[in-house]
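Subject: Structure handover

Hello,

Here is the structure I said I would pass on. Please open it beside this message, as the notes below go through it part by part.

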Amino acid sequence: MRRLACFIVAIVGLPFISVGLAGPLPEYAMKAAFVYNFTLFTQWPTLPNNTLKICTLESDTLKHELEKFRDHQPHGATLIISKISNLEALKECQAVYLSEEDKQRIPVILTLLENTPVLTITDVPELVGKGVMIGIKTENKRIVFEVDTLAAKKSNLYLSSKLLSLAKMVY
């Protein structure tokens with residue numbers, strides 16, 4: 001229940017939080033919070049070596065923001081944030097964030113990760129329902145997300161009903 005409350009605060013409250021006098025929280029800081037929270041509401045068949053690895057490819061900005069969660073222990077596991085250059089290494093991740101910079105490689109990545117327990121998350125429009133499990137987008141200055149439960153199920157991932165209830169659209 002505490003996790004759900006934190007996630008709701010992240011979804012509802014983050015757009016209004018100020019960092020000192022600097023103004024609203026930057027978009028990538030909010031996206032990183034969403035990505036981290038998605039891992040809290042996802043269940044993997046196993047977490048190798050009791051680690052949960054969130055990977056990025058080209059998005060240095062998101063990786064930097066995710067690093068702020070490094071001391072957290074989702075599912076009691078050690079959190080590792082990693083930038084991957086070798087696509088084969090994506091199979092060692094539990095979650096992968098695919099950004100606009102990765103757009104040309106996404107079809108290859110989705111084929112590579114097909115039926116593997118890797119949560120795929122993106123902000124590239126219209127990829128949910130085409131192999132990506134969670135799509136993040138901004139609407140009316142708020143971040144919303146869509147979920148493809150079939151893609152998650154094919155990859156042997158269980159997405160919490162609490163997460164699904166907060167999604168704008170569930171496929």
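On one side of α4, P107, V108 and T111 are exposed. The buried residues of this helix are I106, I109, L110, L112 and L113. They sit on the same side of α4, because the arc they cover around the axis is only 160°. The cover over these buried residues includes β4 and β5. Please keep in mind that the model is predicted.

What follows α4? The next residue is N115, and its phi is positive, near 65°. N115 belongs to the loop between α4 and β5.

**Positive phi angles**

Most residues other than glycine have a negative phi. N115 is not a glycine, yet its phi is positive at about 65°. H75 is not a glycine either, and its phi is positive at about 60°. You will find H75 in the loop between α3 and β3. Its relative accessible area is 29%, so H75 counts as partly exposed.

**The chain as a whole**

The protein chain contains six helices and nine strands. It has 171 residues, of which 50% count as buried. Take the contacts between residues at least 6 apart in sequence: 60% of them join residues at least 24 apart.

**The disulfide**

A disulfide is a covalent bond between the sulfur atoms of two cysteines. How many does a search of the whole structure find? The search finds one. This disulfide joins C55 to C93, with an S to S distance of 2.0 Å. C55 is in strand β2 and C93 is in the loop between β3 and β4, so the bond ties together parts that are 38 residues apart in sequence. The disulfide is left-handed, because the torsion about the S-S bond is about -95°.

Are the two cysteines buried or exposed? C55 has 0% relative accessibility, so it counts as buried. C93, at 2% relative accessibility, counts as buried too. The cut-off for buried is under 20% relative accessible area.

**L90 and what it touches**

L90 lies in the loop between β3 and β4. Its relative accessibility is 0%, so L90 counts as buried. Leaving out residues up to four places away in sequence, L90 touches C55, L57, I84, V96, I109, L113 and V118. One of these is C55, a partner in the disulfide. I109 and L113, also touched by L90, are among the buried residues of α4. L90 can also be compared in position with L112: the two are 22 residues apart in sequence, and their C-alpha atoms are 8.5 Å apart in space.

**The second largest pocket**

The second largest pocket has a volume of about 220 Å³. It is lined by 13 residues, and those closest to its centre are E114, G131, A151, K154 and S155. Which helices each supply at least two residues of the lining? They are α4, residues 106–113, and α5, residues 149–154. The most comes from α5, which gives three residues. By type, the lining divides into five nonpolar, four polar and four charged residues.

Regards

Key
Residues numbered from 1 in each chain as written. Predicted model: local features only at pLDDT ≥ 70, side-chain atom pairs only at ≥ 80, totals over all residues. Heavy atoms only, no water. 1 Å grid on protein atoms, 1.4 Å probe; cavity = no way out; pocket = protein on both sides within 12 Å on 5 of 7 lines; lining within 4 Å. Points joined across faces, edges and corners; volume = space filled by probe spheres on them. Helix = DSSP H or I, 4+ residues; strand = E, 2+ residues; numbered from the N terminus. Nonpolar A, V, L, I, M, F, W, Y, C, P; charged D, E, K, R; others polar. Buried < 20%, exposed > 50% of the residue type's maximum accessible area, 1.4 Å probe, protein only. Contact = heavy atoms within 4.5 Å. Arc of directions from axis to C-beta. Disulfide = S-S within 2.5 Å.
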